Amino acid sequence: MIALYAKAAVGAVLPGRARSLPGTVLERSVTPEVGHLADYGRVCGFPLADALPLTFPHVLAFPLQVELMAARSFPLPLPGLVHVANRITAHRAIGLGERLDVRVRAERFAAHPRGAQVDLVAEVSVDGTRVWDGRSTYLARGAQAPTGLAGELPDLPEVDGPAAAVWRVPADTGRRYAAVSGDVNPIHLNPVTAKAFGFPRAIAHGMWTAARALAALQGRVPEAATYEVGFRKPLLLPSTAELVTEQAKEGWDLAVRNRKGAVHLTGTVRRA
Amino acid sequence: MPSTPRRAAVIGGNRIPFARANGRYARASNLDMLTTTLDGLVARYGLAGERLGEVVAGAVLKHSRDFNLTREAVLGSRLAPSTPAYDVQQACGTGLEAAILVANKIALGQIESGVAGGVDTASDAPIAVNEDLRKVLVAINGARTVQQRVKLLAKLRPGQIVPDIPRNSEPRTGLSMGEHAAITAKEWGVSREAQDELAAVSHRNLAAAYERGFLDDLVTPYLGLTRDDNLRPDSSVEKLATLRPVFGTQFGDDATMTAGNSTPLTDGAALALLGSDEWAAAHKLPVLAHLVDAETAAVDYVHGRDGLLTAPVYAVPRLLERSGLTLQDFDFYEIHEAFASTVLATLKAWEDVEFAKDRLGLDAPLGSIDRSRLNVTGSSLAAGHPFAATGGRIVATLAKLVHEKGTGEGGRKARGLISICAAGGQGVVAILEAA
C-alpha cells in the first residue's frame, strides 16, 4: 500500500495523465479473518460478532480503490484526494465466514465547487447476490472535470442536540486505523507527514469517524440499512469530540462535532 | 403482587458453543460473548425491542472495566435499552444463582420476565499490574506536588514489571481446585476407572445429543464454531486410561485425576429465558419447565473437614426435605462435572450411612441414583466449563429434557435436579419440573 502511495506521488508530477475515467473494474475475493475483524472492532468500537459491522466491507474494497486511483489511467492524482462523502447500503447482514466477491470501479467524474469529484463504487456479492454497496466520493481540489456536469453530494440533516457521548480520541488513532484498514495516507499517520500536506496535526480517517459513530448505535441499527455520511472539518489528533444522535423515522440522524461546535461529520442511518 | 408466590417458568435458552481456551474465541471478550449470546436469545424468542424485567449474569474472570458487564451487554443488544441488568458472581454457581434470583422476582410478581446466565473467558483474562507497582502508581496518582511524584517514582523497581496473572487457586488454601478435588477423591476412594468411565459417557452423551438435534435450539454458532470443540465423540475409557495424572500427584500411584477426567479451561457464554406463565402466553412462547425450589449451601473447606467442592452434598438434602421429595424422585440429574471425581464423590457421600448420620444429621442416607438418568446429554467434561456460563447451560438443557419427557413415574410431571459446586466451598442446587 505504501508503495502504491509512493508510485502515485511520483505519477502526480509526471505529465501525461488521463483526462477521463478508466473503465477498469478491479476484483478480489476474500473471506474475512476473525483476527482482522477483532482488530477492526477494537479500533472502531464494534463487538466481535458473527455479523460484520456495516462499515467493515469498506476496508476490503479500499485496497482496490487505491490501486485504481494510483494507476496512470486515473485522471486525478491520488495524493491530495479528500474523502468528502460516503454511502453504504447493506442489503442483509454479512456473516463471518462468507466468501465475498468485491468489485471496484470509478464513476461520476464531475465538477465540485472547489475542483472535481469522483465516486469510487464498491459492490460486494456472495454467490452472485449483491449484499453490500459502497460509494466513496473524493474531491481533487483545483482539478477540472471534463464536462461542466455538477457532482452530487448527499443532502444531510444538521443535528444539533446535546452530546450523546464524548470521545477522547487519542493521537495514535490514525496509525491504529491505518493498521486495520490499509489506508496509510500520510495525513493520518503523524504530525510531521500531516504538516507536509498542510494540516497542523495528523487527522483521523473519515471512515474511522464514521465507523466509530455507527458502533455507538450498536443494537439500534437494522441489519439491512443505508449509512450515508458527509465529511466536514477534519478531526485533528488528538482531540475530544462529541457524538450527537437523534432518532429519525426508520433510523437515526447523527453528527460528530468538536467541543466548540464545529462539525466533523454528519450522517444518516436508514432501514434499507 | 400476587398473594402467594407463583412458580417461574423456564422458556428456553441460548448459548454459544464452548471453546477451549486460547483457541477459537481467543480474540473475544466477555462482553463480546455475552452480547452475542443475548442477541441470539433475542432473535430466537422474538424479543427485539422488548423491555424485559431484568437481565442477570456475571463472569468469574473479569476486567475492572467490565464492572457493569451485563448492563453493557444489554445496551449493545437488540433488547430495549430500558431493560435493567446487574452482575452477580458466585464462582461456578454464578449462572444458576442468577436464574434463582430472576425466578424469585418472577415468583413474587416483581417482574414478569428475565434472562439469567453468565460468561467467562480464560483466554482474554485480566492481567493486573504487580501489587507493589500498583501501590506506587496509586500513590503517584494521589501525589500533589512534583517533588512527591519524583520521590515516589524513585520507588519503582524492575521486579515490579512482573504482572499478576489470575490463578485458578483458592486464596485461603493456595491449592488449585483440582488439588482440592484430588483430596476429596482420595478420601472417598473414587477410582481412576470410575472417573474415566464417567468422562467417556459425558462425551458420548453430548455427541449423541448433538446428533439427534437436541442442541439445535439451545446453541447458536459463533466465530465459525458450531459445536463445543472440547467434545471428543470417539472418547473411550481405553484412550482416557493412557493419560497421566495431573492432580493429586502427591498420592503417588493413588493419583487418579487427569486432563481427561477434569474440565479444561474454556471460553463461552450461556443464558436462560425465564418468565411468568402469563408473560410466556402473551408472547406465544411455550413454557418448558418451572423452577420449583432452590438451595445454596457452603462448607468450611479451610479449617473444617469438608472438601472444597462438596457443598452440594449438604444443599440437596435440605432442598429435598423442604420439597418433600427423595433423591430417587427425579427423572434427570444434572450434576456439574467440574471433575469426574467430584460427581462420584458427591454420589458416594449421599450413599454413605455414617456420613448421613454424622455430617448431614439424617437418620438414613439419601441413597443411590439411577445412573442412566445422570447428565443424559453430557455435561462439563465434554462441553467444557466457562465458569459462570455453566448454570445457564444446565438450566436450559434440563428444562428441555423434562419438557421432552413430560411425565415421570405414576403420571407425575417429569422432574430434574441440578447440582453445581463452586469455588469458595459453595454449592447451588435447584429443582425443575415439566410445565
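In chain A, helix 2 (residues 34-44) and helix 3 (residues 56-70) have axes that come within 11 Å and cross at roughly 110°, where axes are lines fitted to C-alpha atoms, for helices over the stretch in contact, and angles run from 0 to 180 degrees between N-to-C directions. Because of that angle, helix 2 of chain A is roughly perpendicular to helix 3 of chain A, a word kept for angles of 65 to 115 degrees. Helices here are DSSP runs of H or I with at least four residues, and strands are runs of E with at least two, numbered from the N terminus.

This is a predicted model, in which local features need pLDDT of at least 70 and side-chain atom pairs count only at pLDDT 80 or more, while totals for chains, interfaces and linings use all residues. Residues are numbered from 1 along each chain as its sequence is written, chains are lettered from A and ligands numbered from 1 in the order in which they are written, and side-chain values use heavy atoms, leaving out hydrogens and water.

To return to the pair, A:His36, A:Leu37 and A:Tyr40 in helix 2 of chain A meet A:Phe56, A:Val59 and A:Leu60 in helix 3 of chain A, contact being heavy atoms within 4.5 Å. By class, this contact of helix 2 with helix 3 of chain A has five nonpolar, one polar and no charged residues; Ala, Val, Leu, Ile, Met, Phe, Trp, Tyr, Cys and Pro count as nonpolar, Asp, Glu, Lys and Arg as charged, and the others, Gly among them, as polar.

Between chain B and chain A the count is two salt bridges, and 15 residues of chain B are in contact with 16 residues of chain A. The two chains bury about 1200 Å² between them, 42% of it on carbon and sulfur atoms, buried area being the accessible area (1.4 Å probe) that two parts lose on being put together, summed over both.

Notes:
Parallel < 35°, antiparallel > 145°, perpendicular 65-115°, else oblique. Salt bridge = Lys/Arg side-chain N within 4 Å of Asp/Glu carboxyl O.
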